[in-house]
Amino acid sequence: MKNQTTSLDAYLNNLESLGSRQQTVLKAISTKDAICNQELAKMLGWEINRVTGRVKELREMGHVQEAYRDTYEATGRTVIFWQQKPLKYEQSLMMFAEAE
């Protein structure tokens with residue numbers, strides 16, 4: 001159980017260290033099953049270059065992962081759709097236990 005707690009603590013500390021724009025993008029991604037950069041920019045009312053940098057940072061930190069690639073209807077181009085990286089089952093149980 002100690003390793004699970006340590007792993008969860010590290011994950012939560014990592015979330016706390018996110019900048020406000022990273023948090024905004026992560027929250028937006030977490031509201032969808034999958035979303036592309038163009039949809040994120042539209043949802044947030046941001047320029048695309050503001051979104052792509054934050055998504056890259058979140059990927060490198062391990063919070064976001066590629067869900068799939070598909071054609072984006074608005075442009076006809078293939079784009080990457082992102083999703084929040086799921087917590088390990090043990091981490092999610094620990095979070096709920098700590099909330100009680």
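Predicted model: local features only at pLDDT ≥ 70, side-chain atom pairs only at ≥ 80, totals over all residues.
Glu66 counts as partly exposed, at 37% relative accessibility. From there, here is a friendly tour of the rest of the protein.

**Overall make-up**

- The protein has 5 helices and 3 strands, and from the N terminus on its elements run α-α-β-α-α-β-β-α.
- Of the 100 residues in the protein, 29% are buried.
- The accessible surface comes to about 6800 Å², and carbon and sulfur atoms account for 47% of it.
- If you take contacts between residues at least 6 apart in sequence, 50% of them join residues at least 24 apart.

- The 3 strands form an open sheet in the order 1-3-2, with antiparallel pairing.
- Strand 1 and strand 2 (64-72) stand at the edges with a single partner strand each, so one side of each has no neighbour in the sheet.
- Strand 2 and strand 3 run antiparallel and are joined by 8 bridges.
- Tyr72 has Arg77, in strand 3, as its bridge partner.

**Helix 2**

- Helix 2 covers residues 20-30, and its buried residues are Gln22, Val25, Leu26, Ala28 and Ile29.
- Seen down the axis of helix 2, these buried residues fall within an arc of 160°, so they line one face of the helix.
- The face turned away from the buried side of helix 2 carries the exposed residues Ser20 and Lys27.

**Helix 3 and what covers it**

- In helix 3 (residues 37-44), the buried residues are Asn37, Leu40 and Ala41.
- Looking down the axis of helix 3, you find its buried residues within an arc of 100°, so they too line one face of the helix.
- The cover over the buried residues of helix 3 includes helix 2, strand 1 (35-36), helix 4 (48-61) and strand 3 (77-84).
- Gly45 follows helix 3 and has a positive phi, near 70°.

**Asn37, a buried polar residue**

- Asn37 lies in helix 3. Is Asn37 buried or exposed? Its relative accessibility is 14%, and the limit for buried is under 20%, so Asn37 counts as buried.
- The side chains of Asn37 and Trp82 are joined by a polar contact of 3.1 Å.
- Leaving aside residues up to four places away in sequence, Asn37 touches Ile48, Val51, Thr52, Val55, Ile80 and Trp82.

- Glu57 forms a salt bridge with Arg54, with 2.9 Å between the closest N and O atoms.
- Both Glu57 and Arg54 lie in helix 4, 3 residues apart, which is about one turn of the helix.
- Glu57 is partly exposed, at 27% relative accessibility, whereas Arg54 counts as buried, at 19%.
- Glu60 and Lys56 also meet through their side chains in a salt bridge, at 2.6 Å from N to O.
- Glu60 and Lys56 are 4 residues apart in helix 4, again about one turn.
- With a relative accessible area of 57%, Glu60 is exposed, while Lys56 is partly exposed at 44%.

**Asn49**

- Asn49 is found in helix 4, and at 58% relative accessibility this residue counts as exposed.
- Between Asn49 and Gln38 there are 9.8 Å in space, C-alpha to C-alpha, and the two are 11 residues apart in sequence.

Conventions: Residues numbered from 1 in each chain as written. Heavy atoms only, no water. Buried < 20%, exposed > 50% of the residue type's maximum accessible area, 1.4 Å probe, protein only. Helix = DSSP H or I, 4+ residues; strand = E, 2+ residues; numbered from the N terminus. Arc of directions from axis to C-beta. Contact = heavy atoms within 4.5 Å. Areas by Shrake-Rupley, 256 points an atom, 1.4 Å probe, with all protein chains shown as cover. Salt bridge = Lys/Arg side-chain N within 4 Å of Asp/Glu carboxyl O. Polar contact = N/O pair within 3.5 Å; in protein donor to acceptor, adjacent residues only side chain to side chain. Pairing = 2+ DSSP bridges.
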